[in-house]
Amino acid sequence: MALSTRCSRSWRDLHPLFSSSCSASGTTTTWLRTCRTSQLNVFTRHAATAAAAAPTPDLAAVANEQAESLRQKHPLSEKDHVRLRKQRNIGVSAHIDSGKTTLTERILYYTGRIRDIHEVRGRDAVGAKMDHMELEREKGITIQSAATFCDWEATEPTTGEKKSYAINIIDTPGHVDFTIEVERALRVLDGAILVLCAVAGVQSQTTTVDRQMRRYNVPRISFINKMDRPGANPWRVIQQIRSKLRISAAAVQVPIGAEEQLRGVVDLVRWKAIYNEGVKGIDVVESDEIPADTLALAQEKRTELIETLADVDDGMAELFLEEKPPTTEQLVTAIRRATVGLRFSPVFLGSAIKNTAVQPLLDGVCAYLPNPAETRVVAHDVTLPLSAPPVALVPAAEAPLVALAFKLEESRFGQLTYMRVYQGSLKKAQHIFHTRTGKKVKVPRLVRMHSNEMEDIESIGPGEICAIFGVECASGDTFTDGATKYSMTSMFVPEPVVSLALKPVGQETPNFSRALQRFQREDPTFRVHIDHESKETIVSGMGELHLEVYVERMRREYGVECTTGRPQVAYRETPTRRCEFVYTHRKQTGGAGQFARIAGYFEPMERDPETGRDTEFENVVMSGNVPEQYIPGIEKGFKEAILKGSLCGASITGIRFVLKDGAFHVVDSSELAFRVCTIAALRENYAKTQPVILEPIMTVEVVAPVEFQSSVIGGVTSRRGTILDSEVHDDEFTVTAEVALNDMFGYSSQLRGQTQGKGEFTMEYKTHAPVLPQNQKELEEAYRKTRPQKK
């Protein structure tokens, strides 16, 4: 990694230049700090906030004063420090089928949370603990994220002593269709384990998970799983982490043996050989003797670890330039400092299915990932303007309560709300306040989750994850004890890309609407609406599998059989040129009529990368020709009008409406008149903006044996795919392409036929792009036929 924009060479290149001239440690330190100024600006950890414009000095002073007052009133006590030092909140995330749930199963077994190990697909009629849904065990995939907690006696890397830690774990799905589960888990976690396959390496969903971790500033350690598989190559995977994920990474272990002969790992930090023995690898045996056939590789990789750390850590760079070998304590401190600072990811190796090197990974979680006190968390004071700077929260048990609801589930006891407590303590029977609605609610039951099992508790402190019953709220809502009015930012919710027409078999029952309402509450990416022309129920989601799972859940959980129409992609419409207009709305029916006149323009708008918004209403009327009380009506009319465009009936995006002038009548004008006027103005002038239809473009990754490479690439290009990358490793190849979602329906059957069932593919949404002119004409004609004809 580059030191900064100016100092682009690595320490290994710079070392000969500075070994003689920078012998004095003071000179070295000064030069290091100068060279790394720009890098510090990039990697300083800031939690996402809802702040908008630059804060004024007065507001900044108010926020700083509040934060300082909070720290003085409720400093972290010794008891807080002791508890938080032992606390870890982690997620397990990866591409589909990388072994996340298998790894979590081993973690629970070795920490004593479960008595036996069960495999993911439930061949023994039990299935993995974290995949508690019957559908998950049948399909062999994780559909919903599941939370659990465990205690672990970790070996301290510097002293070798055993220390007790409490770990909250959330196991997340790997399939892109369930990406919201990863999104909301990472929103509330302090660290993560990024699991990678030793053969496949960095895959499409790995890149998505990496982007989500960066969005919420979550430090990660990497675990290269499946080291027992033929073709396992951890060094290629580490190089992919550096090049594709663009984060410095280095192995802190090397394998003892390869593929089927994998026997253990060498810890490069403590310089010990570690083996798993006993029933299911439950006994960890350490040895100071490094196997002779691994010694040279271990020495080489330890040197590489120190050099990589020197690129991202000042303390290690000083030692490297002075040619001093680091002590174990210095090495551990540097790894932890760089990992928490989001500049480095230590890489662990092992095989979860073969029960190898899972316990050292747990030691690494405790040693290198941050505790809740090391994570800077902020909230917005709703009594101040949005432009006010955020207020830092203090994870003190005696501070005012601030908690975030990040996941909802419907259970037989009512709505179950998962919460992360950031500040203060939450107690059973306590009254808490819903920041968004201002409602006061009582906590009737407080539990800690172990997958689908619950453990009742009386209270829980800051930095913990729990669940409560009987509280009506939505994902992303903030709760306080009434002493403050803080609100935390919610998680990012991607837009749906696939829609289906859904119809119950036979007569519709109340269970049909009850199921749809529940699924909408639980999953923000699952949307339902009624098509007013066809009167059909339309469900939208992140992919075919996403919607298929909900249709199956309706049958199993609610007894509602449904038929589905052909999947429809989520088209959008957008203008391509600016259009000035003046529109007058008049309606006289006897008595008070309706009158409104507006003038302005519609123009294309780029998506805001921070907020994700791509539609905007702007009022620049200066003369008072449009009274203030009518402006909300105009904005409502604009938002209503862009819900359905005239080309194919899709929503209009990428449009800005600027209101410049207008006129009103003392008697006949009203908010309704201006709302109707705005809707009619957009419909009449929309064609002048030369709109186009946009379709979702997917990033598709296909993995198949090498002998089918030409037929697979031919199949992708026949679907109007653009090949971005093709990589061959051992007996497999990977093709990455961009393909329109509309051309991907039925591809799984084609791929199975082309590769004799040996190929697999994943896809994720990338962007929307204009359809071909010929396709646009067909879509317009098809939509025109569905419209009621004028008589």
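User: What do buried, exposed and partly exposed mean here, and is cysteine 197 buried or exposed?
Analyst: Buried means under 20% relative accessible area, exposed means over 50%, and partly exposed lies in between, with a 1.4 Å probe and protein chains only. This is a predicted model, in which local features need pLDDT of at least 70, side-chain atom pairs count only at pLDDT 80 or more, and totals for chains, interfaces and linings use all residues. Residues are numbered from 1 along each chain as its sequence is written, and side-chain values use heavy atoms, with hydrogens and water left out. Cysteine 197 has a relative accessible area of 3%, so the answer is buried.

User: How many disulfides are there?
Analyst: A disulfide is a pair of cysteine sulfur atoms within 2.5 Å. The closest cysteine sulfur to that of cysteine 150 belongs to cysteine 366 and is 8.6 Å away, which is too far for a bond. By this rule the count is zero.

User: Are the rings of tyrosine 630 and phenylalanine 674 stacked or edge-to-face?
Analyst: Rings of Phe, Tyr and Trp (its six-membered ring) pair if their centres lie within 6.5 Å; planes under 30 degrees apart count as stacked, over 60 as edge-to-face and the rest as tilted. The search of the whole structure finds 14 aromatic pairs. Here the centres are 5.0 Å apart and the planes are at 20°, so the pair of tyrosine 630 and phenylalanine 674 is stacked.

User: What is the angle between the planes of tyrosine 747 and phenylalanine 761?
Analyst: Tyrosine 747 is in helix α20 and phenylalanine 761 in strand β39, 14 residues apart. Tyrosine 747 counts as buried at 1% relative accessibility, whereas phenylalanine 761 is partly exposed at 25%. Their pair is edge-to-face, 5.0 Å centre to centre, with an angle of 75°.

User: Which residue has its charged end over the ring of tyrosine 601?
Analyst: A charge sits over a ring if NZ of Lys or CZ of Arg is within 6 Å of the ring centre and within 35 degrees of the ring normal. The charged end in question is 3.5 Å from the centre of the tyrosine 601 ring, and the residue is arginine 578.

Definitions and conventions
Helix = DSSP H or I, 4+ residues; strand = E, 2+ residues; numbered from the N terminus.
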